[in-house]
Amino acid sequence: MPPDSAADDAHWLAAAAALATRARPLSRPNPAVGAIVVRDGRVLGHGWTRPGGRPHAEAEALAMAGSAARGATIYVTLEPCAHRSERGPSCTSLILEAGLARVVAGVEDPDPRTAGSGLTALRAAGIAAELVPHPAAAASLAGYLMQRREARPHVTLKLATSLDGCIALADGSSRWITGEAARAHVHAQRARADAILVGGGTLRADAPRLDVRLPGLEARSPERWALSHQNAPPGWRALAEPGAIIGMAEIQYLYVEGGAGAAAAFLAADLVDTLMLYRAPILIGAGKRALGDIGLVDLAGAHGRWRLTDRRALGSDSLEVYERARPQAA
């Protein structure tokens, strides 16, 4: 079977990454993976990791393709696992049984039980197994990769402000700065997180529900955490300080909603990976600012830390998404 073009590989890996988003965060503690079986530009099967981590995406895609998978290509966001567990066979063995001709993975699995050995085993069996690094595949695995590489969740900080950077009136009133479309978008982001966190002051002052109130997604409400040294109330867990997220072993995605103290603490600790800034077309003036002190001592240190990755209108409000700029490897 002749190799597909680089453009084809990029297209199908992006499609697999889109499928992977359906698994987040239900695949926990396993990564959210997407897979597509293709031959001659036609999709024969597709899948994503199911709730609780099984079946894996490859197993789903191969089951859908059936015998038509023989001689085809499978595109998968993460290198197929090479280890058998008590929950089922490895994806590498399933691929071998299916008789695929080619495997294209977007990210090498950092799990030491696989870590390149999946692709190596496939090549040894005569399958054209390739690692084709793909940004969308890596982005779809951000939480899993962060846990494996830095032993912490991927952190998204959400701020909803007025045009002049306030999150509330001087008396603390903040309902509502943004409109319905922006608030619905926030609820959708909550549904994609394993855990959600606010500061202890926000918890005591506002008693926020922090649940998901979108039709059909109510059961996707994340775990609730508070940045506080005090005992957490029933249904909540306490985090003493931002660095303690190292102990969140099974949480891949943490969504921080503030207030200003919690937001500043995570930024000062350089633990924010994605910043989602919702802005309403209003001016507040002498209100509560979105951030406290983040430890910045000169403006030069503020530049180059963030890159804009998305901008959109949400009703009359706007959303800007920034990703933390990481230094390039030497």
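Colleague: How much space lies in the largest cavity?

Modeller: This is a predicted model. The count comes to 1 cavity of 30 Å³ or more. The space in the largest cavity is about 50 Å³.

Colleague: How do the residues lining the largest cavity divide into nonpolar, polar and charged?

Modeller: The lining includes Arg24, Arg28 and Asp194, together with Pro25, Leu141 and Tyr144. Ser27, Asn30, Ser140 and Gln252 are also among the lining residues. By class, the lining of the largest cavity has 5 nonpolar, 4 polar and 3 charged residues.

Colleague: Are α2 and α3 roughly parallel or roughly antiparallel?

Modeller: Helix α2 covers residues 57-65 and helix α3 covers residues 91-98, and their axes lie 9 Å apart. The packing angle is about 20 degrees. Angles under 35 degrees count as roughly parallel. That angle therefore makes α2 and α3 roughly parallel.

Colleague: Is the crossing of α3 and α4 left-handed or right-handed?

Modeller: The axes of α3 and helix α4 (residues 117-124) come within 10 Å and cross at roughly 25 degrees. The two helices are therefore roughly parallel. Their crossing is right-handed.

Colleague: Which residues of α4 meet α3?

Modeller: By class, this contact has 4 nonpolar, 2 polar and no charged residues. On the α3 side are Thr92, Ile95 and Leu96. On the α4 side are Gly118, Ala121 and Leu122.

Key: Residues numbered from 1 in each chain as written. Predicted model: local features only at pLDDT ≥ 70, side-chain atom pairs only at ≥ 80, totals over all residues. Heavy atoms only, no water. Axes fitted to C-alpha atoms, helices over the stretch in contact; angles between N-to-C directions. Helix = DSSP H or I, 4+ residues; strand = E, 2+ residues; numbered from the N terminus. Parallel < 35°, antiparallel > 145°, perpendicular 65-115°, else oblique. 1 Å grid on protein atoms, 1.4 Å probe; cavity = no way out; pocket = protein on both sides within 12 Å on 5 of 7 lines; lining within 4 Å. Points joined across faces, edges and corners; volume = space filled by probe spheres on them. Nonpolar A, V, L, I, M, F, W, Y, C, P; charged D, E, K, R; others polar. Left-handed = near helix turned anticlockwise from the far one by under 90°. Contact = heavy atoms within 4.5 Å.
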